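Here is a walk through one model, going from a helix and its surroundings to the charged pairs and the nonpolar cores. Have the structure open while you read.

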Amino acid sequence: MKESFAISVIIPFYNSKKDILNCLNTIKNQNIKKKIEVIFIDDCSSDGTSGIIKKNFFLNYKIVTLEKNYGPSTARNKGLAESNGDYIFFLDVDDSMSIDTLKKLYDLAIKGDFDYVFCDKKRISNNINFRANIFAFNSNKEFSYDEITNEIKKRITDPDYTVGVAGCHGKLIKRSIIKNNNIFFEEKLSFLEDEIFIIDILGYSKK
């Protein structure tokens, strides 16, 4: 019988030796009390990143190694196939999260029975947050099905509308939506594949 988890965190990586320790600390420092699993997808690295993970990680985790470098879409799909959590969260190996990110998103998802919960993001370079006091929405917001549809239309019709519901960053997704509707990343695409995946998810999200 498969072990159950509240969240599966999927982290693809390729030659990420310089970023992996910060990534590990970001996960280990999360204050969520629910059980999570962390699935690292090694996209055929050659710099020993996997060894650093094995040496420094202690939570429920697995490393899946691909036989050649396929790219992030294939890596994320492999992570989805390996996941057992009620919810999915994608994390890039060079990104960080606030200590309470997973807890806040999960608590909201459970309390409101949401299919999809997301937070805003910072964009930091050289210790400067280029999105300081800039938010996709002015306050916390609950989306109805029609509002979700309108958000998709905005993204499709306005190339400059790159915030909000689209993209994989900071998104907690109910895994049953992905599994029941056979949704995966389009592996033949090398551009906007994450947004197309999310739009597919939103098409089945009611709340």
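In helix H3, the buried residues are Ser73, Thr74, Ala75, Arg76, Asn77, Gly79 and Leu80. Buried here means under 20% relative accessible area, exposed means over 50%, and partly exposed is in between (1.4 Å probe, protein chains only). Helices (H or I, at least four residues) and strands (E, at least two) are DSSP runs, numbered from the N terminus. The cover over those buried H3 residues includes S1, S2 and S4, along with helix H6 (175–180) and helix H7 (193–203).

A word on what you're looking at: this is a predicted model, where local features need pLDDT of at least 70, side-chain atom pairs count only at pLDDT 80 or more, and totals for chains, interfaces and linings use all residues. Residues are numbered from 1 along each chain as its sequence is written, and side-chain values use heavy atoms, with hydrogens and water left out.

Back to H3, this time for its charged residues. Glu82 and Lys78 join their side chains in a salt bridge, 3.9 Å from N to O; the term stands for a side-chain nitrogen of Lys or Arg within 4 Å of a carboxyl oxygen of Asp or Glu. Because they sit 4 residues apart in helix H3 (residues 72–82), about one helical turn separates Glu82 and Lys78. Glu82 is partly exposed at 24% relative accessibility, and Lys78 is partly exposed too, with a relative accessible area of 33%.

Setting aside neighbours within four places in sequence, Lys62 is in contact (heavy atoms within 4.5 Å) with Glu37, Val38, Ile39, Phe40, Glu82 and Asn84.

The structure holds 12 salt bridges. Here are three of them:

| Pair | N to O distance |
|---|---|
| Glu82 and Lys78 | 3.9 Å |
| Asp107 and Lys103 | 2.8 Å |
| Lys141 and Glu147 | 3.4 Å |

Asp107 and Lys103 are both in helix H4, 4 residues apart, or about one turn of the helix. Asp107 is partly exposed at 35% relative accessibility, and Lys103 is partly exposed at 33% relative accessible area. As for the last pair, Lys141 is partly exposed at 43% and Glu147 is partly exposed at 30%.

Now for the inside. The largest nonpolar core has 28 residues, and Ile7, Val9, Ile11, Phe40 and Phe89 have the most contacts within it. Such a core is a set of buried Ala, Val, Leu, Ile, Met, Phe, Trp, Tyr and Cys residues joined through side-chain atoms within 4.5 Å. Two or more residues come from each of strand S1 (5–13), helix H1 (20–28), strand S2 (36–42), helix H2 (49–56), strand S4 (85–90) and helix H4 (101–112). S1 gives the most, with 5 residues. Apart from this core lies another, of 19 residues, among them Leu80, Val165, Ile183 and Phe185.
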